[in-house]
Every structure is written in C-alpha cells, then in structure tokens.
Amino acid sequence: MYRQNKYGRRPKTGYTYGMKTKLDFDVLIVGGGLVGLTAALACAQAGFKIGVIDIAKPSDHLADNHDGRASAIATASFRMMRALGVADALEENGDTHAGPINKILVSDGQTGQPPSPLNLFFDSAQIAETNDGEPLGYMVENRRMRHALHTQTKAQKNITWIAPARVKSFLASKAKTTISFADGKILSASLLIAADGRNSFIRKLAGIGVTTWPCQQKAIVTTVEHELPHGGIAHELFLPAGPFAILPLTGNRASIVWTETPRAADAAMALDDEQFAAELSRRYGGFLGKVWPIAPRWCYPFSFQHAKTYIGERLIIIGDAAHAIHPIAGQGFNMGLRDAAALADILVRARSEGRDLGADINLALFEHWRKFDNTALTHACDVFNRLFSNNIGPLKHTRRIGLSVVDKLPPLRKFFMKEASGQIGDLPPLLRGESYGNAA
Ligand SMILES: Cc1cc2nc3c(=O)[nH]c(=O)nc-3n(C[C@H](O)[C@H](O)[C@H](O)COP(=O)(O)OP(=O)(O)OC[C@H]3O[C@@H](n4cnc5c(N)ncnc54)[C@H](O)[C@@H]3O)c2cc1C
C-alpha cells in the first residue's frame with residue numbers, strides 16, 4: 001500500500017525499499033539532544049518512521065539544571081525551526097523566547113579598559129535585501145529549545161521515543177541494521193544515525209576515529225539582567241584569554257560566555273556571588289548600566305574534534321558526534337542543524353528514486369555535502385580563536401587593523417554577515433524555510 005506526498009511515493013512504513021524485509025523503523029537516531037531531535041522531526045515530517053534512542057530519561061533533559069547555555073541560531077537555521085513548527089512551540093504567553101540579533105559588534109580590548117575603536121560592526125539592515133528584513137539570527141536559551149523540540153517530537157505520531165535505553169551493539173547487513181540493547185531488546189531500521197554528542201558511543205562502536213586538538217580555554221556561562229536595553233546587539237569583545245560575549249536574550253537579559261584560561265575560569269567559578277557580579281561588571285564597563293547575574297554559573301572546557309569520516313555501513317554521524325568546535329562564532333548547533341536538513345533532503349530524494357535509505361550512495365552524498373562545509377568552518381573558528389586569544393603586541397595591532405579593514409569594505413562585510421546568518425552555500429529545502437508539509 002503506497003501513499004503519495006509532495007515529495008514522492010513512499011511505502012506506508014517499515015519496509016526497506018525494493019526489499020521484503022520487515023523493519024521496525026526507517027531511521028533510528030541515537031541521541032535525543034538538540035541535533036538528534038531536530039533530525040528526528042525533519043525526517044518524521046517528511047513521512048519516515050523514526051525511533052529516537054537516548055541514554056537519559058527525557059525528563060532529565062528538561063530539568064532546569066541540565067543546560068544553562070543559550071544558542072545563537074542563524075537566520076537560515078531559524079527558518080528551518082519555523083518550517084518544523086519548533087519556533088511556534090517556543091512561544092509561551094505571547095513571549096517568543098527568541099531574542100533577535102540585529103547587530104554584532106566585534107572588538108578587541110583589555111579587561112577593565114574601553115575596547116579599541118578599530119572594530120567591526122555588522123548590521124542586519126545592510127543585508128535586508130537578502131535577509132527579507134530579518135535579523136542576523138536569534139538567541140534562544142537551550143532549555144527553551146529543548147522544551148519546544150520535546151513538545152514537537154512527542155506530538156509527532158511517527159516518532160517513537162526509546163528512552164532511557166542503552167545501545168549495546170549494532171550490525172549492518174545487506175537489507176537493514178540491527179540494534180541490540182543492554183536489556184536484550186532488538187530493533188531494526190534501514191539507517192542508523194549517531195547524534196549522541198561529542199563522546200559518541202556509536203561512532204566508537206563503528207571504529208571511526210577523530211582528530212582532536214585542545215585550546216586551553218574554558219568558558220563560564222551565565223545569564224544576566226541589565227539596567228539598560230541591549231537593543232539586540234551581540235558584543236564579542238576579544239580579551240587576551242579569549243572572547244567575552246554578551247548575547248542578547250529577550251527582555252533586558254543577556255547570555256554571557258566568558259572565556260578564560262582553565263585556571264582563571266576555575267578561579268572565577270570559585271568566587272562568591274558578590275565577587276563574581278563585580279568581576280562581570282568590570283568586564284562590561286558600565287555601558288548597559290548596572291548588571292547582575294540571574295542564573296547559576298556553568299563552566300565548559302573547549303576543544304576541537306572532527307570525525308575522520310561521517311559515515312559507516314548504514315550509518316551517518318551528525319552534530320557534535322561528527323564535529324565539536326569552539327563556540328567563538330556560535331556555530332556548533334547551526335552546523336548540526338545543517339546536517340539534519342541535508343539528511344532529510346537526501347532521504348526524501350532516495351525515497352522518490354526508490355532507493356534503500358541505507359544505500360551507500362546516500363551516505364556518500366551526505367559526507368560529500370556536509371564534510372567540506374563543516375571542515376572549513378571548524379578551521380576558520382580555530383584560526384580566529386588563535387588570532388584573537390592572545391596578547392602578542394604586533395598580532396594585536398594587525399588584528400585590530402584587520403577588523404577595521406573588513407568594517408570599511410561593504411562587500412566583505414556583507415559576505416561575513418551572510419555567512420553568519422547561514423545563507424551561503426547549497427541550502428537544503430528546510431534551511432530555505434520550506435516545510436515537508438508533515439506527511440505523517
Ligand atoms: C559554551 C557553549 C556555547 C555554545 N553556543 C552556541 C551557539 O551560540 N550557537 C551554536 O550554534 N552552537 C553553540 N554551541 C554548540 C552547541 O551547544 C552544540 O553544538 C550542540 O549542543 C550539540 O548538540 P548535539 O545534539 O549534537 O549533542 P548533545 O547536545 O551532546 O546531545 C547528545 C545526546 O545524546 C545522548 N547520548 C549520549 N550518549 C548516548 C548513548 N550512548 N546512547 C544514547 N544516547 C546518548 C545525550 O543524552 C544527549 O541527549 C555552544 C557550545 C558551548 C559549549
């Protein structure tokens with residue numbers, strides 16, 4: 001029995017294309033984090049039968065003490081969130097919970113001193129023609145994003161949550177992949193997706209190695225409130241130990257990502273609340289009036305990590321499981337969203353051409369599409385971080401001039417703005433804001 005949707009004919013559920021094997025799922029996704037859940041929604045709304053496996057209880061992910069970060073979601077990524085209905089699910093009592101990033105000010109400085117006047121200023125108004133008048137992106141607290149993704153995935157009939165559950169092994173054969181669990185359960189699917197984060201168990205099981213390099217930095221993350229409105233301006237102030245980022249949330253609130261050497265970060269984490277608030281104010285320098293923390297402090301070590309390949313037999317690796325980067329440009333989650341959008345597009349095409357979802361050609365397409373983009377961005381972030389996180393005199397001078405040169409050259413400035421808003425490259429339908437119409 002076949003049903004037709006806008007993107008092609010599909011078997012009702014549970015069959016490997018062109019074969020008779022009975023399957024439990026079209027796609028099994030290991031990892032119900034931000035990227036895994038977005039991939040699940042994207043594929044489910046395109047009509048595939050999806051299972052999401054997570055080692056933790058879903059309620060643990062929704063606890064207030066799970067994640068204190070907020071993410072900069074690029075314009076194109078936010079379009080995808082609209083297309084998937086996640087942006088609507090973020091709304092609560094008339095509050096969108098998505099703070100527009102209208103402008104970005106990048107400057108270089110010394111703690112306790114005003115930033116260098118040689119800076120770089122991005123204004124969304126300068127790319128209004130390609131951005132449909134939208135901001136450069138939106139700041140969304142991860143806890144809010146998780147709630148919205150859980151709401152949407154729970155409401156999606158063709159997504160089954162399998163959590164908490166521990167995968168023991170998987171075995172790919174000619175027709176399917178079979179996943180065995182620690183409790184003895186066995187499930188099968190055409191394709192396995194590893195979205196189980198930086199320490200991906202599935203990636204390790206598949207014997208896929210990573211290239212990793214440290215950056216001797218940690219970030220202290222918290223949320224603050226200020227006396228004066230931030231006007232939707234994101235500030236990235238480069239101090240010798242690393243960037244100090246003030247990222248505009250809704251209201252007079254901001255998410256702070258304060259990067260330090262590991263020792264200095266541990267010391268800042270050990271300060272009492274009053275001392276910590278005083279240190280934060282010193283870095284702000286008073287331009288938003290009085291500033292005070294309104295949330296607990298979190299500390300994250302940074303390093304870069306890139307999987308040697310994104311694919312195995314009937315296996316694709318996405319999100320931080322494939323590429324974990326420094327958040328200097330707020331791109332890690334955005335890269336994972338682009339993986340999810342590309343994955344859904346490849347599977348929709350495979351179905352319309354009658355191909356097995358786990359066919360090698362689909363896997364090769366994914367790797368070809370996503371690896372170049374992710375590798376380029378990973379290295380760009382690394383170079384940017386090395387160039388700016390130091391106090392070397394001549395380098396300091398050169399980077400300040402570099403910022404001001406980009407600022408004075410409109411075409412270059414526009415290129416960087418389009419890159420930041422995620423609108424450069426070969427964009428799959430979801431990133432152009434096109435929905436699959438929820439064919440389930
Ligand atoms: C301080 C900081 C600020 C950041 N800011 C930004 C930003 O502004 N913009 C941006 O785009 N990115 C940002 N990032 C990066 C972003 O947070 C990550 O890229 C993103 O959270 C990765 O999501 P993920 O779903 O791939 O992995 P994770 O969030 O790690 O999720 C992995 C999931 O897999 C599950 N899991 C783990 N092991 C198993 C297993 N064995 N079996 C089953 N399930 C398992 C976990 O329970 C979890 O649910 C930032 C990162 C940091 C550290």
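## Helix 1 beside helix 10

Helix 1 and helix 10 are roughly parallel to each other, because angles under 35 degrees count as such and these two helices pack at an angle of about 25°, with their axes 9 Å apart. The model in which this arrangement is seen is a predicted one. Helix 1 covers residues 34-45 and helix 10 covers residues 332-352, and the crossing in which helix 1 passes helix 10 is right-handed.

On the side of helix 1, the residues that meet helix 10 are Leu34, Val35, Thr38, Ala39, Ala42 and Cys43. Their counterparts in helix 10 are Phe333, Gly336, Leu337, Asp339, Ala340, Ala341, Leu343, Ala344 and Leu347. Sorted by class, the contact of helix 1 with helix 10 holds twelve nonpolar residues, two polar ones and one charged one.

## Helix 1 beside helix 6

Helix 1 also packs with helix 6, which is made of residues 142-155; the axes of these two helices come within 10 Å and cross at roughly 30°. That angle makes helix 1 roughly parallel to helix 6, and the crossing is left-handed.

In this contact, Leu34, Leu37, Thr38, Ala40 and Leu41 of helix 1 meet Asn142, Met145, Arg146, Leu149, Gln152 and Thr153 of helix 6. The residues of the contact divide into six nonpolar, four polar and one charged. Leu34 and Thr38 take part here, and Leu34 and Thr38 are also among the residues of helix 1 that meet helix 10.

## The shell around the ligand

There are 33 residues around the ligand, and those that come nearest are Gly31, Gly33, Gly197, Gly319 and Gly332. By class, the residues of this shell divide into 16 nonpolar, twelve polar and five charged.

Several elements contribute to the shell, with at least two residues each from helix 1, strand 5 (70-74), strand 14 (210-226) and helix 10. The largest share, four residues, comes from helix 10.

Strand 5 and strand 9, the latter made of residues 137-141, run antiparallel and are joined by five bridges. Within this pairing, Ile73 has Tyr138 of strand 9 as its bridge partner.

## Two details of the backbone

Two places in loops deserve a separate look. The peptide bond that joins Ala163 and Pro164 is cis, with omega at about 0°, and Pro164 is placed in the loop between strand 10 (159-162) and strand 11 (167-172).

The other detail concerns Asn93, which has a positive phi of about 50° although Asn93 is not a glycine.

Conventions
Residues numbered from 1 in each chain as written. Predicted model: local features only at pLDDT ≥ 70, side-chain atom pairs only at ≥ 80, totals over all residues. Near = placed C-beta within 6 Å. Nonpolar A, V, L, I, M, F, W, Y, C, P; charged D, E, K, R; others polar. Pairing = 2+ DSSP bridges. Axes fitted to C-alpha atoms, helices over the stretch in contact; angles between N-to-C directions. Parallel < 35°, antiparallel > 145°, perpendicular 65-115°, else oblique. Left-handed = near helix turned anticlockwise from the far one by under 90°. Contact = placed C-beta atoms within 7 Å.
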